[in-house]
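Keep the sequence at hand.

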Amino acid sequence: MREIELGLNSKVYLGYEQKTGRGIYAGEDIYPDRVISYTFSWELSPTDLTHFCSMSIGGFWFAHPDKPGWGLMPLGLGGLVNHSQTPNASLNWFFGDEFGYVGELRTLKGIFKNEQLRIDYGIPSKSGWKL
């Protein structure tokens, strides 16, 4: 497993579990309410989604927070965090003037070293995961 230094209050690394596949893990204990990373996104129009959903990674997007029928595909660490109905982290989207929609990956509670970070994807639907 490779450890990635982010310089944002914590160290995390990309790891692998047989059951869940790739995921993001804490390289050290991380306090509650800490920003882990900022995740840029690719904004997907309804036309993009038509093509995108026919690909093998077609379900790998979230419903757009402001444009019904549109989606956001996370790029970076936010796109590698696995789902849990009891999450220890969150991915919240905001609009940054220079970068478009950015997801803030933040801890919801303390996370122990080597514990996997997990977010609640929300409700699955034909319009992407609704956070």
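Start with Leu 105. Beyond its neighbours within four places in sequence, Leu 105 is in contact with Arg 34, Val 35, Ile 36, Ser 37, Val 81, Ala 89, Ser 90, Leu 91, Leu 117 and Ile 119. Bear in mind that this is a predicted model.

Leu 105 belongs to the largest nonpolar core, which holds 18 residues. Together with Leu 117 and Ile 119, Leu 105 touches the most other members. Which strands each supply at least two residues of this core? They are strand 3 (21-26), strand 8 (89-96) and strand 9 (100-107). Strand 8 gives the most, with three residues.

Now turn to the second largest pocket. Its volume is about 150 Å³. The lining consists of Thr 20, Gly 21, Arg 22, Phe 60, Gly 79, Leu 80, Val 81, Asn 82 and Tyr 121. Four of these lining residues are nonpolar, four are polar and one is charged.

Finish at Glu 17, in strand 2 (residues 11-17). Is Glu 17 buried, exposed or partly exposed? Its relative accessibility is 30%, so Glu 17 counts as partly exposed. Leaving aside neighbours within four places in sequence, Glu 17 is in contact with Tyr 25, Gln 116 and Arg 118. The side chains of Glu 17 and Tyr 25 are joined by a polar contact of 3.1 Å. Gln 116 is 99 residues from Glu 17 in sequence, yet their C-alpha atoms are 9.7 Å apart in space.

Notes: Residues numbered from 1 in each chain as written. Predicted model: local features only at pLDDT ≥ 70, side-chain atom pairs only at ≥ 80, totals over all residues. Heavy atoms only, no water. Core = buried A, V, L, I, M, F, W, Y, C linked by side-chain atoms within 4.5 Å. Buried < 20%, exposed > 50% of the residue type's maximum accessible area, 1.4 Å probe, protein only. Helix = DSSP H or I, 4+ residues; strand = E, 2+ residues; numbered from the N terminus. Contact = heavy atoms within 4.5 Å. 1 Å grid on protein atoms, 1.4 Å probe; cavity = no way out; pocket = protein on both sides within 12 Å on 5 of 7 lines; lining within 4 Å. Points joined across faces, edges and corners; volume = space filled by probe spheres on them. Nonpolar A, V, L, I, M, F, W, Y, C, P; charged D, E, K, R; others polar. Polar contact = N/O pair within 3.5 Å; in protein donor to acceptor, adjacent residues only side chain to side chain.
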